[in-house]
Amino acid sequence: MSLPGAKVNIAPSTLELADPGNGQAIINDFSIVVATVNGTGSQTSNLTLLRALFKMGIPINGKNIFPSNIQGLPTWYHIRVSHEGFIAFREPAEILVAFNQVTAKADMAKLPAGGVCLYSTEWMDISLRDDVYNYGIPTNQFLRQAGVKGKIKDYLTNMIYVGAIVQLLGIKLEFIEEALAYHFGRRQQLVDQNMGIVEMSYEWVAENLKKEDPYQVVPLDQTDGQILITGNEAAALGAVFGGVTVTSWYPITPSTSLVDALNDFLPKIRRDPDTGRATFAVIQAEDELAAAGMVMGAGWAGARAMTATSGPGLSLMSEFVGLGYFAEIPSVIWDIQRVGPSTGLPTRTSQGDILFAYYLGHGDTKNILLFPATAEECFEFGVIAFDLAEEIQTPVLVMSDLDLGMNTWMTPQFKFPSEPLKRGKVLSAEEVEERGFFRFLDLDGDGITYRTLPGNKNPKSAYLNRGTGHNRYAVYSEKPEDWEENMERLNRKFETARGMVPRPVIDQVDGAEIGIIAVGSTLPAIEEARSKLAKSGLSSDFLRIRALPTNDDTRDFVANHKRIYVIELNRDGQLHQLLTVEMPEMASRLMSLSRINGFPATARWIMNSIQAHESVNN
Amino acid sequence: MTTIDLETPTLTRKDFVSDQEVRWCPGCGDYSILAQMQKVLPDLGIRRENIVFISGIGCSSRFPYYMNTYGIHSIHGRAPTLATGLAISNPDLSIWVITGDGDGLSIGGNHLIHAIRRNANINIILFNNRVYGLTKGQFSPTSRQGMRTKSSPMGSIEQPLEPLSLALSAGATFVARTIDTNPNHLGETLTRAAAHKGTSLVEVYQNCLIFNPQEWTDYHNRQTRDDHMLFLEDGQPMVFGVNQDQGIIVRDLQPEIVKLGNGISEDGLLVHDATSESPTLAYILSRLRHPAVMGVLREVEGPTYAEGLMHQVAEAKAKKGQSDLLSLYQESDLWEVK
């Protein structure tokens with residue numbers, strides 16, 4: 001076995017494709033799973049691969065399946081490559097990078113026959129499968145050869161599999177260098193060091209291994225005009241475009257990266273040009289209860305205020321959300337859902353907070369929920385959540401999840417908002433003078449009343465807001481008729497909201513026999529499943545709810561389909577439950593297709609479940 | 001019939017090691033605390049089944065995973081409440097709350113104060129690394145002002161909290177501080193906390209190698225640590241320093257560092273008395289930054305919450321006598337239609 005020197009001349013990929021059994025190469029249509037140990041920098045390697053594939057114009061998605069731990073536990077990174085543009089989670093992956101000794105045996109067992117296993121010849125003492133293509137790499141020899149010592153060893157070890165994958169699949173090396181340059185910015189030394197290892201590995205594989213598997217990539221042009229971004233970064237960017245000025249939060253996975261991004265973006269643009277002082281505040285509170293309180297305080301004062309959290313944090317916020325609903329305070333809460341109940345699985349994805357968030361608060365409380373399904377919608381809803389909160393004067397909860405929030409997604413370039421911020425019914429000092437001010441009097445009949453902001457110069461503008469019973473003039477009242485009037489008005493406001501929140505996205509096809517309803521990040525799996533179901537002869541219409549409360553679009557869709565599958569990632573079919581409550585007369589049409597295991601939805605699960613149900617039905 | 005041997009068996013360290021693989025980052029101070037806990041528990045003469053470890057959320061809160069005892073890995077900041085309920089329900093238990101500077105002082109600050117105030121019989125071990133670990137490196141309530149983290153990119157503007165001062169303000173009957181890199185002192189401190197009746201609060205300076213690696217460097221380094229820590233001993237003058245030539249005096253209610261020699265002898269120095277009824281000395285010591293005091297600052301007797309409850313029950317019985325359900329039912333305000 002010969003090893004090249006640290007500096008090598010790079011030859012283009014010259015590996016010939018071997019006969020994959022049926023003589024067919026499998027091009028741009030497979031999944032890679034990289035098994036490593038968390039805290040070893042494998043994320044850099046994985047993003048580098050992802051970005052290079054993206055640069056080649058091939059639709060991709062990257063998902064990090066990681067442990068709730070800082071360093072030392074197994075982590076898996078899934079890269080989906082699909083010329084058809086299907087980027088849902090898919091298991092098992094055909095290509096395994098087995099770079100974690102601890103899980104290697106189990107990881108290898110998952111490979112389908114004919115799959116690929118890339119492993120370190122020095123790390124493992126386990127038998128290889130004879131029905132997969134095995135490629136062994138002497139990782140430690142590589143590092144010795146390159147003179148790599150100390151802490152950086154783990155990081156650079158991960159670049160070895162990058163070089164090997166690049167060679168085996170035919171990824172363009174120049175894109176790897178671009179991706180590294182992007183990742184490390186101006187730190188050219190790091191780019192060179194990492195690239196050196198990639199090139200060494202790339203060259204060694206070319207000289208020492210014979211490619212026999214059928215998997216390869218070729219350039220496409222399907223990522224033009226697209227960007228790569230996580231949902232949480234997109235949400236933060238949207239919030240900035242939406243005019244966020246106050247964020248109060250408490251660290252919790254998987255929402256932390258949203259506020260990290262705000263902390264990254266805001267100091268760059270929110271500076272008073274004259275004084276140089278910050279015109280925003282990001283406050284790490286002592287807990288989520290306090291965070292929600294600060295948001296309500298700021299929202300009441302007229303700031304565009306938000307927080308980001310996840311299930312356990314939302315539990316703590318319920319008290320203030322109840323106040324926000326009843327005292328009618330604009331506020332935005334991003335719930336990046338993870339698996340509950342309780343601490344549950346902090347690093348796994350879920351849509352398990354739907355019912356909780358919708359009714360968050362005790363007594364009769366109903367909240368506005370938005371459901372982004374893509375990074376693009378995270379951006380859009382980052383903006384309009386503030387508009388809706390101020391127009392409807394109520395907490396708005398944006399229901400993202402770990403998969404959407406923390407993983408890296410292709411998305412079309414964001415469209416800048418074309419309309420001015422909508423501040424809702426806020427009276428100026430002059431308007432108070434001209435028309436008077438009656439805080440909870442429903443002048444327009446839509447349930448939405450006029451508010452003033454503390455600091456309004458008109459002495460008649462001040463009022464005491466309260467979580468206790470009040471009449472239309474914001475005066476304390478225990479009168480039954482006042483209580484009923486106020487609660488009925490809040491209900492009227494909620495009905496008004498039905499026409500203000502984002503409408504569902506509907507995709508109808510000719511001859512569809514069934515309908516599908518879903519929210520959020522199950523979208524890619526549903527799109528793929530629908531395509532495959534259609535090919536098997538079962539066409540479906542699809543309505544993707546983007547907000548609660550629902551409106552007539554959803555009612556009509558249900559009315560027009562005999563069988564509708566409501567797909568979601570939770571145990572109890574929470575969206576299904578809500579829909580049956582909304583339209584009990586059509587409840588029997590709605591079938592719940594829900595499951596929760598912590599992983600994103602797969603097209604296979606959806607397709608198999610629907611087919612199984614349909615075969616019984618017909 | 002199966003009989004259970006109620007004699008306390010002879011236990012060893014191994015009896016307290018659970019079957020879970022310990023998963024903190026390499027070099028984490030938590031390992032040392034775990035090792036000392038598993039070392040001192042066998043000598044306490046408590047049955048394993050009578051020991052409970054309760055934690056909230058955070059790196060330190062993994063601790064109960066690794067203890068082969070009863071335990072609850074509960075919710076963020078709330079461990080003291082569970083522990084209080086437990087201590088009231090079964091006063092025979094040895095209850096340990098494992099928490100950190102985020103779990104115990106930020107989200108759980110409220111409960112910490114009230115647990116201490118009630119003096120329930122629990123041992124609270126607070127791992128202080130002055131940073132959030134599990135959520136990856138945000139500043140905590142004990143972080144230094146100006147500390148730059150992801151969540152404080154321009155430096156934290158908040159005043160840090162001194163956990164021992166807080167505990168003393170809440171009326172703590174046992175307050176101590178130790179450090180992960182001094183295993184003997186750590187073990188002794190845990191043993192004394194266990195022996196205390198009532199709430200004991202032990203702050204452990206604990207190293208987070210990943211997110212705050214420099215925090216305790218001066219306290220670990222052989223060349224500097226004796227200048228940074230003063231080890232308290234009851235009845236002894238407060239002397240510290242690499243050459244043991246510095247001492248603490250109090251002038252105008254302010255502590256001062258003095259150099260021994262040139263007419264200043266140990267006789268004029270503050271003498272430690274953890275059992276002093278007044279918490280003033282302990283409070284002054286808790287505020288010292290250079291040097292930080294190590295050891296038991298305060299150790300006084302006071303009625304525990306469970307004792308108070310039992311006393312009230314006994315008092316009520318003494319006054320009104322033993323009642324029963326039937327008489328309770330008959331005495332209550334029932335309007336019967338006859």
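Chain A of this predicted model is divided by its domain assignment into four domains, listed here with their residue ranges.

| Domain of chain A | Residues |
|---|---|
| domain 1 | 26–221 |
| domain 2 | 229–412 |
| domain 3 | 429–498 |
| domain 4 | 505–617 |

The C-alpha centres of domain 1 of chain A and domain 2 of chain A are 34 Å apart. In their contact, domain 1 of chain A supplies 13 residues and domain 2 of chain A supplies eight residues. On the domain 1 side, the elements that give two or more residues are α1 (42–55) and β3 (60–65) of chain A. Of these, β3(A) gives the most, with five residues. By type, the residues on this side of domain 1 of chain A are eight nonpolar, four polar and one charged.

Next, look at where the two chains touch. Here 21 residues of chain A are in contact with 20 residues of chain B. The chain B side is made up of nine nonpolar, eight polar and three charged residues.

You will find Leu427(A) in the loop that runs between β17 (408–412) and α14 (429–435) of chain A. Is Leu427(A) buried or exposed? Leu427(A) counts as buried because 21 other C-beta atoms lie within 10 Å, and the cut-off for buried is 20 or more. Beyond its neighbours within four places in sequence, Leu427(A) is in contact with Val432(A), Phe437(A), Tyr450(A) and Thr452(A). Pro254(A), by contrast, is 173 residues from Leu427(A) in sequence and 38 Å away in space, C-alpha to C-alpha.

Methods
Residues numbered from 1 in each chain as written. Chains lettered and ligands numbered in written order. Predicted model: local features only at pLDDT ≥ 70, side-chain atom pairs only at ≥ 80, totals over all residues. Domains from an automatic or database assignment. Contact = placed C-beta atoms within 7 Å. Helix = DSSP H or I, 4+ residues; strand = E, 2+ residues; numbered from the N terminus. Nonpolar A, V, L, I, M, F, W, Y, C, P; charged D, E, K, R; others polar. Buried ≥ 20, exposed ≤ 12 C-beta atoms within 10 Å, placed from the backbone.
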